[in-house]
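Please look over the sequence and the 3D structure shown below before reading on, and keep both at hand while you work through the points.

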Amino acid sequence: MALEKKITIADLRKHKSAGEKFAMLTCYDATMARLQQAAGVEVILVGDSLAGPVLGLPDTIGVSLDISVALTAAVRRGAPLAYLVADMPYLTYTNPDQAIANAGRYVVEARADCVKVECDRRLLEIIRAMATAGIPVMPHLGLTPQRVGQIGGYKVAGKTAEMAIELIETAEMMVEAGATALLLEAVPPEPAEILTKRVDVPVIGCGAGPGCDGFVVVTHDMIGLTEGKTPKFVKKYADLATPMQRAFEQYVEECRNGTYPAPEHGYPMSDEEIAALKQWAEKQNGK
Ligand code: KIV
């Protein structure tokens with residue numbers, strides 16, 4: 001069912017306390033945003049995962065702040081009612097002043113409701129500074145793809161009890177520092193569920209099992225537009241690549257064989273005007 005009123009963090013907290021799960025999807029343009037709002041998607045994320053589907057990059061490292069802010073503003077125009085989260089790109093939040101200035105662009109220029117930052121315990125003071133400055137911030141814990149160069153691959157986080165406890169403690173520190181919500185990526189379901197029950201902010205899972213308050217996946221993965229492998233936690237709800245490809249092929253064929261454009265696709269002239277035009281053309285040919 002379509003969203004009917006603006007979703008706020010208070011609504012997401014209400015969902016959490018009522019035990020009502022909510023949906024979050026990635027989105028990078030106004031058209032998709034309009035469709036997601038019409039489908040009732042409460043939370044929209046302009047993820048730095050735009051790197052692949054929008055920019056054709058191999059990973060998220062090359063996403064620029066300007067592009068990300070511009071696409072966040074486009075998504076906001078398409079979905080004015082959704083709770084809009086913007087993902088801060090690589091190296092745009094390395095110290096409190098830089099993080100606050102850059103996050104401010106999403107909130108002020110693009111009208112995002114919240115910014116998401118990939119982090120671990122070392123970024124605690126940056127999160128605290130952002131929250132203190134009045135920026136709603138969502139720490140992204142667990143698998144953090146912007147650190148793939150340090151981690152050495154895309155690995156599940158919190159797999160041992162010791163790592164899971166560290167993750168839970170870090171998340172609780174983030175909440176204490178002022179985090180508005182949390183996102184957990186590629187974490188086993190048990191620590192995700194324990195954490196979700198222990199904190200009063202909404203916890204959104206991306207491959208973190210059913211115990212979280214909300215769930216997010218990359219839209220291109222779930223509608224079948226991603227080429228190649230998608231993460232294990234993605235469920236494919238449609239295969240839109242096939243009908244899109246078919247439509248493009250049919251268009252090419254019809255352009256070539258003269259089926260398109262047909263008379264109904266043009267702007268007609270009156271018979272008198274056509275006659276006058278033809279007369280002029282004949283005269284020109286006779287010159
Ligand atoms: O960039 C992104 O889309 C994300 C989600 C996968 C959580 O961070």
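The model is a predicted one. Its largest nonpolar core has 40 residues, and a second, separate core has 35 residues.

**How two helices pack**

- Helix 3, which covers residues 65-78, and helix 4, which covers residues 96-108, have axes that come within 9 Å and cross at roughly 25 degrees.
- Because angles under 35 degrees count as roughly parallel, helix 3 and helix 4 are described as roughly parallel to each other.
- The crossing in which helix 3 passes helix 4 is right-handed.
- On the side of helix 3 the contact is made by Leu65, Asp66, Ser68, Val69 and Thr72, while helix 4 contributes Asn102, Arg105 and Tyr106.

**The nonpolar cores**

- Within the largest nonpolar core, the residues with the most contacts inside it are Met88, Tyr106, Val115, Val117, Met130, Leu182 and Leu184.
- At least two residues of this core are supplied by each of several elements, among them helix 3, helix 4, strand 4 (114-118), helix 5 (124-132) and strand 5 (137-142).
- Helix 7, at residues 161-176, also belongs to that group, and the largest share of the core, five residues, comes from helix 7.
- Valine 115, when residues up to four places away in sequence are not counted, touches Val85, Ala86, Met88, Ala103, Tyr106, Met130, Ile135, Pro136, Val137 and Met138.
- The second core, which is separate, includes Ile7, Val43, Leu50 and Ala82.

- Glutamine 36 is found in helix 2, which spans residues 30-39, and threonine 219 has its place in helix 9, which spans residues 219-222.
- Buried means under 20% relative accessible area, so glutamine 36, at 5% relative accessibility, counts as buried, and threonine 219, at 3%, counts as buried as well.
- Leaving aside residues up to four places away in sequence, glutamine 36 touches Leu25, Thr26, Cys27, Val41, Ile44 and Thr219.
- Threonine 219, with its neighbours within four places in sequence likewise set aside, is in contact with Leu25, Thr26, Met32 and Gln36.
- Threonine 219 and lysine 236 are 17 residues apart along the chain, and their C-alpha atoms are separated by 9.6 Å.

Conventions. Residues are numbered from 1 along each chain as its sequence is written. This is a predicted model: local features need pLDDT of at least 70, side-chain atom pairs count only at pLDDT 80 or more; totals for chains, interfaces and linings use all residues. Side-chain values use heavy atoms; hydrogens and water are left out. Axes are lines fitted to C-alpha atoms, for helices over the stretch in contact, and angles run from 0 to 180 degrees between N-to-C directions. Helices (H or I, at least four residues) and strands (E, at least two) are DSSP runs, numbered from the N terminus. Angles under 35 degrees count as roughly parallel, over 145 as roughly antiparallel, 65 to 115 as roughly perpendicular and the rest as oblique. A crossing is left-handed if the near helix is turned anticlockwise from the far one by less than a right angle, and right-handed if clockwise. Contact means heavy atoms within 4.5 Å. Buried means under 20% relative accessible area, exposed over 50%, partly exposed in between (1.4 Å probe, protein chains only). A nonpolar core is a set of buried Ala, Val, Leu, Ile, Met, Phe, Trp, Tyr and Cys residues joined through side-chain atoms within 4.5 Å.
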